[in-house]
Amino acid sequence: MKPASEGIYLYALAEPDLPRHLTVLGRRLRNLPIGNVAAVIERRAPPDFTTEAVRQQHAIITRLTARLPVLLPARFGSVTDEPALRTLVSRHRAEILAAFEQVRGCVQMTVRIFGMCDDVADEPRSGARTGTEFLEQARQRSKHVRPEAGIVRAAMSACVKAERIAAGERQGLLTVFHLVPLERLDLYRQRASGLHSMLSRHVTVTGPWPVFAFAPELF
Amino acid sequence: MRELEAMREQLEGLAKASPPRWNADPEDVRRSVVKLVLTLVEFIRQLLERQAIRRMDAGTLTREQTEAVGLALMRLEETVRDLGAQFEIAPEDLTLDLGPVGRLM
């Protein structure tokens with residue numbers, strides 16, 4: 001009998017033509033077909049929330065990304081049971097299939113700009129009367145596009161398929177995620193090397209990564 | 001020889017510098033502990049707020065859930081501000097200096 005705490009640990013979603021079992025870095029993963037989506041799972045207890053566990057998952061996702069044409073990574077700690085996973089995937093099927101098409105042949109690059117002024121974060125919050133109003137105001141603040149993001153967009157748009165700006169980051173930091181087609185990666189790197197001088201701020205550009213920021217939120 | 005002399009002066013300077021001392025004033029200790037606790041609570045509250053916004057964007061929160069989560073986050077923010085005010089801690093002081101990594105929030 002399986003231990004009561006054992007559930008389904010979701011690593012990623014992929015297209016259905018996968019082998020039934022995959023061994024990655026010594027872990028025996030399974031393909032759980034849910035309609036025309038393959039859930040890459042492992043039957044196991046929830047992981048410990050340690051740096052080592054996060055690193056291991058990152059390494060597994062990186063290996064899977066190298067082996068499969070399309071992969072949407074799940075968040076670290078995505079544990080559920082089979083009926084709940086089937087329901088989630090069915091509910092988000094259209095969004096998942098659209099994401100497969102969007103990320104096909106692409107990688108994620110991440111631009112971080114440090115030392116920003118926080119004009120919006122410092123604004124006093126207008127008194128919300130309901131919880132919905134409170135969250136809606138927070139959402140509006142997080143959507144505010146800072147001038148630096150506009151500069152990055154103008155410089156990089158020719159080599160980027162999609163962009164996502166991290167919502168409500170800690171003060172002084174702006175993170176922009178780019179979805180970059182593999183054939184434009186060299187051009188991307190070339191242009192990204194000029195961002196530091198354009199922005200006059202400390203800028204880091206990292207990647208290529210699996211497309212973490214472009215996977216639908218299931219949980 | 002000149003380098004050795006410079007190193008000796010540097011070491012003497014370090015030896016003369018007063019060692020860091022712990023401020024044992026009970027009121028100050030209380031305020032510091034409250035500041036640290038409120039900083040961590042506010043940090044977690046902001047993480048939850050971001051996750052809630054992501055879920056709103058993804059359409060995975062019902063209207064009732066949005067209201068309940070928003071209300072909980074709003075009350076938590078009010079509580080953090082009220083407790084901070086009691087100890088004369090301004091909202092912008094709720095952060096930790098993480099050295100080269102920058103500030104926590």
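**Rings, a helix and a core**

Reader: Why is Y11(A) called buried?
Author: Y11(A) has a relative accessible area of 1% in this predicted model. Buried means under 20%. The value of 1% falls under that limit, so Y11(A) is buried.

Reader: What about Y9(A), buried or exposed?
Author: Y9(A) has a relative accessible area of 1%. The limit for buried is under 20%, so Y9(A) is buried.

Reader: How many aromatic pairs does the structure hold?
Author: Over all chains, there are two aromatic pairs. One of them joins Y9(A) and Y11(A), with ring centres 5.0 Å apart and planes at 65 degrees.

Reader: Why is the pair of Y9(A) and Y11(A) called edge-to-face?
Author: Two values decide. A pair of rings is described by the distance of the centres and the angle of the planes. Centres must lie within 6.5 Å, and 5.0 Å does. Edge-to-face needs planes over 60 degrees apart, and 65 degrees passes, so the name applies.

Reader: How do you know that F49(A) and F76(A) form an edge-to-face pair?
Author: Their rings are 5.6 Å apart, centre to centre, which is within 6.5 Å.

Reader: Where do F49(A) and F76(A) fall, buried, partly exposed or exposed?
Author: F49(A) has a relative accessible area of 69%; exposed means over 50%, so F49(A) is exposed. F76(A) has 26%, which lies between 20% and 50%, so F76(A) is partly exposed.

Reader: How do you know that the charged end of R44(A) sits over the ring of Y9(A)?
Author: The charged end of R44(A) is 4.9 Å from the ring centre. The distance limit is within 6 Å, and 4.9 Å meets it.

Reader: Which residues of helix α5 of chain A are buried?
Author: E148(A), A149(A), V152(A), A155(A) and M156(A) are. Around the axis they cover an arc of only 130 degrees, so they lie on the same side of α5(A). P147(A) and A154(A), on the other side, are exposed.

Reader: What covers the buried residues of α5(A)?
Author: The cover includes β7, β8, β9, α6 and α7 of chain A.

Reader: Which residues touch the most other members of the largest nonpolar core?
Author: This core has 27 residues. L10(A), L13(A), A39(A), L72(A), L85(A), I96(A) and F214(A) touch the most other members. β1, β3, β4, α2, α3 and β9 of chain A each give two or more residues. α3(A) gives the most, with four residues.

Reader: What makes L13(A) buried?
Author: Its relative accessible area is 4%, under the 20% limit, so L13(A) counts as buried. L13(A) is in strand β1 of chain A. Beyond its neighbours within four places in sequence, L13(A) is in contact with several residues, including V37(A), V70(A), V89(A), F100(A) and L218(A). V70(A) is 57 residues away along the chain, yet the two C-alpha atoms are separated by 8.5 Å.

Reader: What elements does chain B have?
Author: Chain B has three helices and zero strands. Of its 105 residues, 25% are buried.

Notes: Residues are numbered from 1 along each chain as its sequence is written. Chains are lettered from A and ligands numbered from 1 in the order in which they are written. This is a predicted model: local features need pLDDT of at least 70, side-chain atom pairs count only at pLDDT 80 or more; totals for chains, interfaces and linings use all residues. Side-chain values use heavy atoms; hydrogens and water are left out. Rings of Phe, Tyr and Trp (its six-membered ring) pair if their centres lie within 6.5 Å; planes under 30 degrees apart count as stacked, over 60 as edge-to-face and the rest as tilted. Buried means under 20% relative accessible area, exposed over 50%, partly exposed in between (1.4 Å probe, protein chains only). A charge sits over a ring if NZ of Lys or CZ of Arg is within 6 Å of the ring centre and within 35 degrees of the ring normal. The arc is that of the directions from the helix axis to the C-beta atoms. Contact means heavy atoms within 4.5 Å. A nonpolar core is a set of buried Ala, Val, Leu, Ile, Met, Phe, Trp, Tyr and Cys residues joined through side-chain atoms within 4.5 Å.
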